[in-house]
Amino acid sequence: VYYLVNDAQLNVLVLRSYHFDNQKQPRSIGQNLKDVFFDDTILREPFRTIKVVASTPHFTLVPNKFFDANNQAAYFQSLTQIAETDVCKNDFIRNANMNNVYLADNHILNVCYSVFPTAKIYHSLTPLINGYQKISELRAGHQIFANIRDGALQICFFDGRELIFANNYVFKTAQDLIFYIMLVYEQFKLNPETTPLSISGALTE
């Protein structure tokens with residue numbers, strides 16, 4: 001987990017991260033989050049706006065004309081099994097006219113809301129798509145963006161400002177990471193020498 005604090009001019013004032021080793025159960029993660037929230041004095045400061053980004057591999061992008069807010073679980077019937085503690089949430093991506101529908105653990109969400117009652121929660125891919133789209137508007141042609149963190153690759157392919165493809169891959173080795181990136185180039189018949197790749201996130205040896 002990591003957080004940043006910025007001022008009204010979007011200058012980054014604080015960037016801090018915490019790593020939870022071998023914590024897979026939502027309740028264990030939730031307890032670790034509580035410890036961070038109450039031990040970190042910066043997080044107890046009053047903030048004008050609080051945004052929480054949830055990183056979960058279970059998501060799907062649904063065009064707005066096909067989106068049914070009352071039946072979001074249907075989008076996952078053939079993709080994954082929904083756990084009893086999972087809840088369906090969605091982010092409307094206005095500039096792409098689509099919804100990012102995702103599963104989030106209710107226990108972890110409740111921990112976040114208990115500390116930050118006014119927080120707005122988003123899926124981690126949503127701000128990436130919005131940010132990448134702004135960059136793509138300034139460039140012509142095809143663009144690939146890859147965000148890498150903690151063994152997960154989030155990758156987006158744009159044609160101009162139009163989002164063509166977005167996905168999440170879990171990898172263990174550098175070879176896996178390269179394979180998944182090149183898979184997108186191959187799937188859309190893109191030339192790696194002429195289609196730029198922009199990388200963000202955190203890479204460790």
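Analyst: Let's start with a rule: a residue is buried under 20% relative accessible area, exposed over 50% and partly exposed in between, using a 1.4 Å probe and protein chains only. This is a predicted model, where local features need pLDDT of at least 70 and side-chain atom pairs need pLDDT 80 or more, while totals for chains, interfaces and linings use all residues. Residues are numbered from 1 along each chain as its sequence is written, and side-chain values use heavy atoms, with hydrogens and water left out.

User: Okay, why is Phe-158 called buried?

Analyst: Its relative accessible area is 0%, and the cut-off is under 20%, so Phe-158 is buried.

User: And what makes Phe-145 count as buried?

Analyst: Phe-145 comes out at 1% relative accessibility, so it falls on the buried side too.

User: How do you know that Phe-145 and Phe-158 form an aromatic pair?

Analyst: Rings of Phe, Tyr and Trp (its six-membered ring) pair if their centres lie within 6.5 Å; planes under 30 degrees apart are stacked, over 60 edge-to-face and the rest tilted. By that rule there are eight aromatic pairs. One of them is Phe-37 with Phe-116, at 5.2 Å centre to centre and 75° between the planes, so edge-to-face. Phe-37 and Phe-116 are both buried. Phe-145 and Phe-158 sit 5.9 Å apart, centre to centre, with 85° between the planes, so this pair is edge-to-face as well. Phe-145 is in strand S8 and Phe-158 in strand S9, 13 residues apart. Helices (H or I, at least four residues) and strands (E, at least two) are DSSP runs, numbered from the N terminus. Ring pairs also bring Tyr-132 into a cluster with Phe-145 and Phe-158.

User: Why is the span of helix H3 said to agree with what it should be?

Analyst: The expected span is 1.5 Å times one less than the number of residues. For the 12 residues of H3 (125-136) that gives 16 Å, and the end C-alpha atoms are 16 Å apart, so the two agree. The buried residues of H3 are Leu-125, Thr-126, Leu-128, Ile-129, Tyr-132, Gln-133 and Ser-136. They cover an arc (taken from the directions from the helix axis to the C-beta atoms) of only 160°, so they are on the same side of H3.

User: Is Asp-150 buried or exposed, and what about Lys-189, buried or exposed?

Analyst: Asp-150 has a relative accessible area of 60%, so it is exposed; Lys-189 reaches 73%, so it counts as exposed too. Asp-150 is in the loop between strands S8 and S9, and its phi is near 50°, a positive value in a residue other than glycine.
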